[in-house]
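Please brief me on the fold shown here. Keep it short and grouped by topic.

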Amino acid sequence: MSDVISIKEIDLANKKVFIRCDFNVPMDEFGNITDDRRIVSAVPTIRYCLDQGCAVVLASHLGRPKNGYDESFSLAPVAKRLSRILHPDVIFADDVVGADAKAKAANLKAGEVLLLENLRFEKGETKNDEALAKALSELADVYINDAFGVCHRAHASVEAITRFFDSKHKAAGFLLQKEINFAQRLIKHPTRPFVAVVGGSKVSGKLQALTNLLPRVDKLIIGGGMAFTFLKALGYNIGNSLLEEELIDEANNIMKRARELGVKLYLPVDVVAAQTFSADSAIKFVTTQEIPAGWMGLDIGPASTRLFKEALADAQTIWWNGPMGVFEMDKFSKGSIKISHAIAESHATTVVGGGDTADVVARASDADEMTFISTGGGASLELIEGKELPGVRPLRMPKDGE
Ligand code: AMP
């Protein structure tokens, strides 16, 4: 697999550049941005282009608008926040490829930044529509993709648009390159011991990642709701804990394969159990072999935390995706927070993937201690699954003769 074309290899001097960003930020009911990490992460690529004398056209989606323009999905608040972060003021277009966007893009001067309206106000965006992609491509001379979070989707601004630029006029931005480089390093040449810590609700969502990782890791730590399908497969009574009955055989296969490969597989040995899935339910610590009927495990217990910490102690590379419990409720967040601390304190290269896991790390105030926190949930999982993303494939360096 060849490398992706880097933005640094493109002659950007005084060009008009289109940057596909991921400004899909969370907002409250009043339209206030509650977390601007995705906007901040895009800044290095934007500034680099401005430094090269570019006029910069930015485009992103926000949420899932269904029927064209809808004010609640407007990118106007993002334009405002970007203006604060960037200086100069960001020019905002009322549409995506309509008269306003075209006129503003045509008049854009070096050093100016234009943000288009939400790409998904155009129906063709999620359909990878070539006409929309062509219209977008005509707004600029160069295409840069820095929207890792949508690279696993063949959408018009991610995939079809690349057909209108040759390899001297399209590239990956800094954020996208960093995401790809970290994932490739993990998959291809991790420093050992390499430990994967996987949690979250379901085995089904991470099955392919587990399968692809198994031959590559030295240890696999499984926590969160998905651990119960494995515990059930071992014959334990798991009460009302989360279970994917149809995946019990698959869980057995994974455990068997781990034994064959010599991978050490760790499951929780105790849990924080409750009778109802609610923040005010009474809780107790029980071993995973003694979960009473009618109770469910909603977090890993203190013994599991110690066990996992010990297993992590000699790690040189750690990949973490998925919380250890229902971290959204304080009562069931301790396991995830403590594992976050353990990973942050280790001397390993630590890579965190998935929105929930990034939230845990932020709540634990460990973000600065991690080597890399991926901005894309689905996309980062697909890279670890070993897939080539539709948004990344067209940015690979052409081989001789292509
Ligand atoms: P995922 O999207 O698959 O990574 O799952 C994240 C979700 O898993 C979070 O919302 C957690 O609340 C949930 N989760 C973690 N542990 C458990 C558990 N033991 N029981 C139920 N849900 C869980």
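In what order do the six strands of the open sheet stand, and is the pairing parallel or antiparallel? The order is S9-S8-S7-S13-S14-S15, and the pairing is parallel. This is a predicted model, in which local features need pLDDT of at least 70, side-chain atom pairs count only at pLDDT 80 or more, and totals for chains, interfaces and linings use all residues. Residues are numbered from 1 along each chain as its sequence is written, and side-chain values use heavy atoms, with hydrogens and water left out.

**The parallel sheet**

- Helices (H or I, at least four residues) and strands (E, at least two) are DSSP runs, numbered from the N terminus.
- Two strands pair if DSSP finds at least two bridges between them.
- Strand S9 (264–266) and strand S15 (372–373) are the edges; each has a single partner strand, so one side of each has no neighbour in the sheet.
- Strand S7 (residues 194–198) pairs with strand S8 (residues 219–222) over four bridges, in the parallel sense.
- Val195 has Lys219 in S8 as its bridge partner.

**Helices on the sheet**

- Helix H5 (residues 174–188) packs on the sheet and touches S7, strand S13 (317–321), strand S14 (349–353) and S15. Contact means heavy atoms within 4.5 Å.
- The direction of H5 makes about 115° with that of S14. Axes are lines fitted to C-alpha atoms, for helices over the stretch in contact, and angles run from 0 to 180 degrees between N-to-C directions.
- Helix H10 (residues 334–345) also packs on the sheet, touching S7, S13 and S14. Its direction makes about 155° with that of S13.

- All five residues of strand S10 (residues 270–274) are buried, that is, under 20% relative accessible area with a 1.4 Å probe and protein chains only; exposed means over 50%, and partly exposed lies in between.
- Asp270, Val272 and Ala274 point one way from S10, while Val271 and Ala273 point the other way.
- In a regular strand the side chains alternate between the two faces of the sheet.
- S10 runs antiparallel to strand S11 (residues 283–287), joined by five bridges. Val271 has Val286 as its bridge partner in S11.
- S10 also pairs with strand S12 (residues 296–300), in the antiparallel sense over four bridges. In S12, the bridge partner of Val271 is Ile300.

**Nonpolar cores**

- A nonpolar core is a set of buried Ala, Val, Leu, Ile, Met, Phe, Trp, Tyr and Cys residues joined through side-chain atoms within 4.5 Å.
- The largest one has 40 residues; Leu213, Leu220, Phe230 and Trp319 have the most contacts inside it.
- Elements that each supply at least two residues of this core include H5, S7, S8, S10 and helix H12 (377–384).
- Trp319 touches several residues, among them Leu186, Val197, Leu213, Val351 and Ile384, not counting residues up to four places away in sequence.
- A second, separate core of 36 residues includes Ala59, Ala105, Leu119 and Leu389.

**Backbone points to check**

- Arg192 and Pro193 are joined by a cis peptide bond, with omega about 0°. Pro193 lies in the loop between H5 and S7.
- Asn128 is not a glycine, yet has a positive phi of about 60°. It sits in the loop between strand S4 (113–115) and helix H4 (130–137). Asn128 is buried, at 16% relative accessible area.
- Ser365, also not a glycine, has a positive phi near 55°. Its place is the loop between helix H11 (355–363) and S15. Ser365 is exposed, at 62% relative accessibility.
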